[in-house]
Amino acid sequence: MLKYLMTNATRRKRDLLSRFRDEESGALIIFSLLIFLPMVLICGLAVDIMHFESNRTIVQATIDRAVLAAADLDQELDPETVVRDYFDKAGMTHCLQTVTVDEGLNYRRVSATTSCDFPTFFLKLIGHTKLTAPGAATAEESVKNIEISLVVDISGSMGSNNRLYNLKKAANNFVDTMIYDSDDVLTTISMIPYNASVNMGPALGAQYNLTGQHNYSHCAAFDYSDYTSTSLDRATELTQLGHFDRKSNSNETDIPITNTSRGPQPWCWYGTEKQIITHSSSVSKLQTAINDLDAYGNTAIDVGMRWGVALLDPSAQVPVENLIALGEVDSSAANRPTGYETSDNLKVVVLMTDGANTTQYDLKDEFKFGFSEVHVDRVNVGAAYGQSAPLYSLQIDGMDTPDDDTDDRWYHLIPERVCDGWGCRDEYVHDYPDFDGVDQDEATAMLWTEIFATYPKKRIYKQFYRHAYQRGFIDYSTMAATFYGDRSIVNSSQANARLSQICFQARQKGITIFSIAFEAPSAGKNALKDCASSISHYYEADGNELTDVFNSISSQINHLKLTQ
């Protein structure tokens, strides 16, 4: 019986297990329970990732906008401050990690990094409570077009202590560094050599409204009003400096003041000598002009700076276009000087001097226009007297002679070769009015401009008036007038005020000014400190240091030759 009961129980257990094995009801529920948790985790991961990516995109967009705004060269605020302000306004200050700014004169690069934590909603179920979004961005803007005015002192003091040699070396190196072949960047340099004046040269001089009383040279005398604006109006009349030699006392005669190697030295360089080089991208042209520089004359820093700024002002665009048409300027300089609002353009003046502003001079008005009482017989030269010099005469009102008391007679000057310890020269000796050798019908009155352009000022009174004065034919005032034929037009204090004004106007227009006091006195140093864009744009140099200074400036202008 017991065996039967045990068998029956075993059978029942086996049947129960069989039924459980064969029962399919509820199997899907079990399977669903098995995969539900992974599905929840996957969906939660997607939601968390979408939330994370949405916020990461916002952070990245913020950092992109921030560095772009900060790198803008027109942005005058501190670049790092700009970046931080963007994140502050976006409520993401906690995300910003680092801000790096690298900038020079013609470029700015701004980099920033972020790291932002975002809480999770589902991933925290498996222990991940946050997702971290890193970010980084870099923006850079650089200038593609550079316009430079190189304003260099060639006054007389530059001829001492190897200063001119050091200037040529430094300037040549500067040109080599700044001008290079590039499809992206165009650099043009206008070189303005100055002493007591600046020779525009005949081509550039024709582009402005000079008073035009002569064509020997092309220097302008400016009024203070010409320094109150960066532009130089082509329609405004500019006073042309007389062409004269106020210093030398050369014994040579009849030598046009055109060649400094022969003695006379003009206040304004003759013709194309030491003329302005306008917007050139030619290394050879600029270096040829640099190597041709000579030292002579007084110092007018204000006049050099006036032209340096004028050639960066858009008002000079028409003159440059005309010079391109004449073949004086390369066509690559078309549309220069560009407008001040041009975003990818940089305008720079590099101004150097070894001195300080001194007095500026011009001929008196009575010697800049009209005919003189000096007549010249260009047909019957002094060949009859064994000379080749012209025959001159004076026609002086009220002149009486020992032999004739008739007014307005001629006083003839006869050439005679004189040789002494000073060398040989033609001296003119007096003769009475009715000397037979002069055909007065062939004599013509000379323009005052011609006389002063032919003879040094100190020589004119000796040449034409001294003998007549000694003979009593003219009075002292008439004789002395030509000896004092020039006058001061600007003193050093006035020149300093003009320089300060034009530098201020240039800075207001965004022109960057570097100034170099090269072995200069304190007055020159002070004037150049006042002119520079900032104290960090002002340099002092001695001897070979000038090359190092120019290298430093070129490095700032052209830092690593960056392109946007």
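Leaving aside neighbours within four places in sequence, Pro134 is in contact (heavy atoms within 4.5 Å) with Thr114 and Ser115. The model is a predicted one, in which local features need pLDDT of at least 70 and side-chain atom pairs count only at pLDDT 80 or more, while totals for chains, interfaces and linings use all residues. Residues are numbered from 1 along each chain as its sequence is written, and side-chain values use heavy atoms, with hydrogens and water left out.

Pro134 lies in strand 3, residues 130–142; strands (E, at least two residues) and helices (H or I, at least four) are DSSP runs numbered from the N terminus. Pro134 is exposed, with a relative accessible area of 59%. Here exposed means over 50% relative accessible area, buried under 20%, and partly exposed in between, with a 1.4 Å probe and protein chains only. The C-alpha atom of Pro134 is separated by 9.6 Å from that of Gln97, 37 residues apart along the chain.

Two loop residues come next. Ser155 sits in the loop between strand 4 (145–153) and helix 4 (163–178), and Thr299 in the loop between helix 6 (283–291) and helix 7 (301–310). Ser155 is buried, with a relative accessible area of 1%; Thr299 is buried as well, at 6%. Their side chains make a polar contact at 3.2 Å. Such a contact is a pair of N or O atoms within 3.5 Å; within protein, one must be able to donate a hydrogen and the other to accept it, and residues adjacent in sequence count only if both atoms are side-chain atoms. Beyond four places in sequence, the residues in contact with Thr299 include Asp153, Tyr194, Asn195 and Thr353. With the same exclusion, Ser155 touches residues including Tyr194, Asn195, Gly297 and Asp354.

The last region is a helix pair. Two packed helices are described by the angle between their axes and the distance between the axes. The axes of helix 10 (residues 457–470) and helix 11 (residues 476–483) come within 8 Å and cross at roughly 165°. Axes are lines fitted to C-alpha atoms, for helices over the stretch in contact, and angles run from 0 to 180 degrees between N-to-C directions. Helix 10 and helix 11 are therefore roughly antiparallel to each other, a term for angles over 145 degrees. In helix 10, residues including Ile460, Tyr461 and Tyr465 take part in the contact, and in helix 11 the residues include Tyr476, Met479 and Phe483. By class, this contact has 7 nonpolar, 2 polar and 3 charged residues; Ala, Val, Leu, Ile, Met, Phe, Trp, Tyr, Cys and Pro count as nonpolar, Asp, Glu, Lys and Arg as charged, and the others, Gly among them, as polar.

Key
Angles under 35 degrees count as roughly parallel, over 145 as roughly antiparallel, 65 to 115 as roughly perpendicular and the rest as oblique.
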